[in-house]
Amino acid sequence: MKPILRLCLLAVVSLTAACSAAGFYGEAEAILRSIDTLAMSPAEIRNYYAEAAAGTFGSTLNLVDPVEINKIQRAAVENSRLGIPLIFARDVIHGFHTIFPIPLGQAASFDPTIVEEGARHAAREAVASGVRWTFSPMVDISRDSRWGRIAESFGEDPYLTSELAVAMLNGYQNNEKPLAAFCTYCQR
């Protein structure tokens, strides 16, 4: 496991445990609460400034406006009781602003170097927008084409999937500003 991923996981576990041990049960619960901003209007997103200042959630999904991210982060750090920063996440599955082939298409190249370079580029774009955490790569071994998430996988070969997942993780995390990656797996 790469240091940045280990650090993020340890931070969440440590903060949650510390808050619980200190009797800050509301804060421990809030760290685990996430807000999905995908279908929200800018006015609805601004409503979360007060919640961030109150420390009622620990992360947001799909917020990619650096100005809004900075405002919400400032509210959380400067005004919440414990000053715990938020983490901003988005699915950066096959690119951020620049779109690359879906992982199934990347696997067809059989080239980990290409996958790593694409992930590195996507990580730079995501981090520049304020996103610091992604739910990728998806490491399921996909053998049933009827499953809706097969496009997010590297296919049905376990060896190829593992090699390309490592390449993608290296691309996300071997940057001047790494993107924390969370390998996803969905049991079916």
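Arginine 120 touches Asn170, Gly171, Tyr172, Asn174 and Asn175, not counting residues up to four places away in sequence. Contact here means heavy atoms within 4.5 Å. The model is predicted: local features need pLDDT of at least 70, side-chain atom pairs count only at pLDDT 80 or more, and totals for chains, interfaces and linings use all residues. Residues are numbered from 1 along each chain as its sequence is written, and side-chain values use heavy atoms, with hydrogens and water left out.

Arginine 120 lies in helix H7. Helices (H or I, at least four residues) and strands (E, at least two) are DSSP runs, numbered from the N terminus. Arginine 120 counts as buried, at 14% relative accessibility. Buried means under 20% relative accessible area, exposed means over 50%, and partly exposed lies in between (1.4 Å probe, protein chains only).

Arginine 120 also forms a salt bridge with glutamate 116, the closest N and O atoms being 2.7 Å apart. A salt bridge is a side-chain nitrogen of Lys or Arg within 4 Å of a carboxyl oxygen of Asp or Glu. Glutamate 116 and arginine 120 are four residues apart in helix H7, so about one helical turn separates them. Glutamate 116 is partly exposed, at 21% relative accessibility. A network of salt bridges links Glu116, Glu117 and Arg120.

Helix H7 (residues 112-128) packs with helix H8 (residues 158-173). The angle is about 35°, and the axes are 7 Å apart. Axes are lines fitted to C-alpha atoms, for helices over the stretch in contact, and angles run from 0 to 180 degrees between N-to-C directions. The crossing of H7 and H8 is right-handed. A crossing is right-handed if the near helix is turned clockwise from the far one by less than a right angle, and left-handed if anticlockwise. On the H7 side, the contact involves Pro112, Val115, Glu116, Ala119, Arg120 and Ala123. On the H8 side, Glu163, Leu164, Ala167, Met168, Asn170, Gly171 and Tyr172 take part. By class, the contact has eight nonpolar, two polar and three charged residues. Ala, Val, Leu, Ile, Met, Phe, Trp, Tyr, Cys and Pro count as nonpolar, Asp, Glu, Lys and Arg as charged, and the others, Gly among them, as polar.

The count of salt bridges comes to six. One of them joins glutamate 78 to arginine 74, with the closest N and O atoms 3.9 Å apart. These two residues are four residues apart in helix H5 (residues 66-79), so about one helical turn separates glutamate 78 and arginine 74. Glutamate 78 is exposed, with a relative accessible area of 56%. Arginine 74 is partly exposed, at 46%. Aspartate 144 and arginine 146 also meet in a salt bridge through their side chains (2.9 Å, N to O). Aspartate 144 is partly exposed at 32% relative accessibility, whereas arginine 146 is exposed at 72%.

Serine 80 sits in the loop between H5 and strand S3 (87-89). Serine 80 is buried, at 11% relative accessibility. Its side chain makes polar contacts. A polar contact is a pair of N or O atoms within 3.5 Å; within protein, one must be able to donate a hydrogen and the other to accept it, and residues adjacent in sequence count only if both atoms are side-chain atoms. The side chain of serine 80 reaches the backbone oxygen of alanine 76 at 2.4 Å and the backbone nitrogen of glycine 83 at 3.1 Å. Not counting residues up to four places away in sequence, serine 80 touches Ala52, Ala53, Ala54, Gly55 and Ala75.
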